[in-house]
Amino acid sequence: MEKVLYLLEDDKSICDLVTYSLELAEIEVTCFNTAEDFYEGVARRVPKVALLDIMLPDGNGYDVLTRIKRDHPQVICIMLSAMGRENDKVKGFNLGADDYITKPFGVLELTARVNAAFRRLGSGDELTARNVTINERTMTVTIDGKPAALSNMEFKLLAYLVRHAGSVISRDKLLTAVWGYDEGETRTVDIHIARLRKLGVQGIETVFGAGYKFSK
């Protein structure tokens, strides 16, 4: 898989630091200083991962995030911003951000989280486990070989469980990773799990007192 990453950042020193660090990890990095330049870059070639600053000279990263998730939902978007309040992070996750890194950041952590994003993408657009096939590019799911109609959050939840198959994941972790809530009503997770099971998804196990696990 090509490791193609776009960085939207108007601070040249940060662009240079991120580019240098990620290229050492054999990631192809292109830096854009404005939202308009970023859009033109995406029109020419869609990246696998995007790092998005929020405060931009011609707009804000939240708008860029909304647009790229609308047009190219398969792109993993990581917010990279000095705006580190809880409300800022929740807003980003609610708009579809896959991760949120606050400035100042450590380059080793940044590189690790970007590499984790590429690992989640795997070798292609499809994830297959048990009786489920997920296409993250087209956001479609088949169960037992038949198309299944999932809501956006059901899709995200199932994809997250499949990507982390074999691991026990707490309800709180699922709320944060899928819904973007640092805390909230975990019953929301249970309701969506029940819906996935009703649709015929096999392999979702309840680990009492701990959370859920998608068995391989």
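1. In this predicted model, strand β1 (residues 4-8) and strand β3 (residues 49-52) run parallel and are joined by four bridges.

2. The stretch around α4 deserves a separate look. In helix α4 (residues 86-94) the buried residues are D88, V90, G92 and F93, and these pack against α3 (61-71) and β7 (99-102). After the helix comes G96, which has a positive phi, near 115°.

3. L95 is found in the loop between α4 and β7. With residues up to four places away in sequence not counted, L95 touches Y62, L65, T66 and K69. Is L95 buried, exposed or partly exposed? Because its relative accessible area is 32%, a value between the 20% and 50% limits, L95 is classed as partly exposed. As a reference distance across the model, the C-alpha atoms of L95 and G200 are separated by 29 Å, the two residues being 105 apart along the chain.

4. The largest nonpolar core has 26 residues, and I134, L158 and F214 are those with the most contacts inside it. At least two residues of this core come from each of β8 (126-129), β9 (132-135), β10 (140-143), α6 (152-163), α7 (171-179), α8 (187-198) and β14 (211-214). The element that gives the most to this core is α6, with seven residues. A second, separate core has 22 residues, including Y6, V42, A50 and C77. As general background, nonpolar side chains tend to be buried together in soluble globular proteins.

5. The surroundings of L158 can be given residue by residue. When its neighbours within four places in sequence are left aside, L158 is in contact with V132, I134, V141, L150, L196, V201 and F214.

6. How do α6 and α8 stand relative to each other, parallel or perpendicular? Their axes come within 10 Å and cross at roughly 85°, and because this angle falls in the 65 to 115 degree range, the two helices are described as roughly perpendicular to each other. On the α6 side the contact involves M153, E154, L157, L158 and L161, which meet H192, I193, R195 and L196 in α8. By residue class, the contact of α6 with α8 divides into six nonpolar, one polar and two charged residues.

7. Strand β13 (residues 204-207) is joined to β14 by four bridges, and the two run antiparallel; in this pairing I204 stands opposite F214 in β14. The two strands form a hairpin with three residues between them, and G209 in the turn has a positive phi of about 80°.

8. Most residues other than glycine have a negative phi, and most peptide bonds are trans. Against that background, E26 has a positive phi near 65°; this residue is placed in the loop between α1 (12-24) and β2. Because its relative accessibility is 69%, above the 50% limit, E26 counts as exposed. D144, in the loop between β10 and β11 (146-148), likewise has a positive phi, near 55°.

9. Which peptide bond is cis? The bond from K103 to P104 is cis, with omega near -5°, and P104 lies in the loop between β7 and α5.

Terms used: Residues numbered from 1 in each chain as written. Predicted model: local features only at pLDDT ≥ 70, side-chain atom pairs only at ≥ 80, totals over all residues. Heavy atoms only, no water. Core = buried A, V, L, I, M, F, W, Y, C linked by side-chain atoms within 4.5 Å. Buried < 20%, exposed > 50% of the residue type's maximum accessible area, 1.4 Å probe, protein only. Contact = heavy atoms within 4.5 Å. Axes fitted to C-alpha atoms, helices over the stretch in contact; angles between N-to-C directions. Parallel < 35°, antiparallel > 145°, perpendicular 65-115°, else oblique. Nonpolar A, V, L, I, M, F, W, Y, C, P; charged D, E, K, R; others polar. Pairing = 2+ DSSP bridges.
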